[in-house]
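Open the model in your viewer and keep the sequence panel beside it. The tour goes stop by stop, with something to select at each.

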Amino acid sequence: MSDIQIYGPPQSNYVWTARMTAEEKGITHELVGVEFGSESHRALHPFAKVPSMKHGDFTLHETSAIARYIDRAFDGPALQPADPKSAARMDQWISSLNDYYYDDIIRKVVINRILKPILGGEPDEAEIAAALPRIESKLAILGAHLAETPYLAGADPSLADFFLAPMLASLERTAEGRTLLADAPKVAEWRQRIQARPSFVATQPPAAK
């Protein structure tokens, strides 16, 4: 039996973050699908989002809470820095990624370019075009930081890196994203390091259908 269950589709960036966290911690997880908006889904997550997690009879939602719980509840390598300043840097990046990066990268570009056509819709080209210079600026901020440190919170990977890795992997699946990432060498170096980790390799989602 798996140590925990993670609920949501593998293509979700936040589900991917939770799965990477479990792999990094060295615990087993079962990925369980959800019927979005159903009663059973809302029993796991009252706002009908993903992921949710179960550990025995304990149910938890919100990716930040899930990732921190996994790190605290199980033996294995620490995924959060012990040093207060490094821990604060990790928290700062998680907040920044969720508040400033996710919307432009995922909602404005990835969903428009990949998910909408799968669902039979048309991408909003104006929305994509407006997001691209903002993403370029944010990648420059990220690259400047990564020029000084191998990972977001210091010398070792932390939860912040596991939030970022799925976002940029999803961005790379778009033509616009590949162009932007090609012009961000320090981000590319970080991506090589993080994507070589077994946790990233083991949790890569299949292409959305």
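Two strands pair if DSSP finds at least two bridges between them. Helices (H or I, at least four residues) and strands (E, at least two) are DSSP runs, numbered from the N terminus. This is a predicted model: local features need pLDDT of at least 70, side-chain atom pairs count only at pLDDT 80 or more, and totals for chains, interfaces and linings use all residues. Residues are numbered from 1 along each chain as its sequence is written, and side-chain values use heavy atoms, with hydrogens and water left out.

**Stop 1: the sheet**

Select β3, residues 52–55, together with β4. The two strands run antiparallel and are joined by four bridges. Pick Ser52; opposite this residue, in β4, stands His61.

Now widen the selection to four strands. They form an open sheet in the order β2-β1-β3-β4, with mixed pairing. Which strands are at the edges? They are β2 (29–32) and β4 (58–61), each pairing on one side only. From one strand to the next, the twist averages 20°.

**Stop 2**

Axes are lines fitted to C-alpha atoms, for helices over the stretch in contact (heavy atoms within 4.5 Å). Angles run from 0 to 180 degrees between N-to-C directions.

Next, select α1 (residues 13–25) with α3 (residues 63–73). Their axes come within 9 Å and cross at roughly 5°. That makes α1 roughly parallel to α3 (an angle under 35 degrees). Show side chains: on α1 the contact includes Tyr14, Thr17 and Lys25, and on α3 it includes Ile66, Ile70 and Asp71. The contact residues divide into six nonpolar, three polar and two charged. Here Ala, Val, Leu, Ile, Met, Phe, Trp, Tyr, Cys and Pro count as nonpolar, Asp, Glu, Lys and Arg as charged, and the others, Gly among them, as polar.

**Stop 3: Asp124**

Jump to Asp124, in the loop between α4 (84–118) and α5 (125–146). Asp124 is partly exposed, at 34% relative accessible area. The cut-offs are under 20% for buried, over 50% for exposed and partly exposed in between (1.4 Å probe, protein chains only). Asp124 touches Asn112 and Lys116, not counting residues up to four places away in sequence.

**Stop 4: α6**

Finish on α6. 13 of its 13 residues are buried, so α6 is largely enclosed by the rest of the structure.

How values were computed: Parallel < 35°, antiparallel > 145°, perpendicular 65-115°, else oblique.
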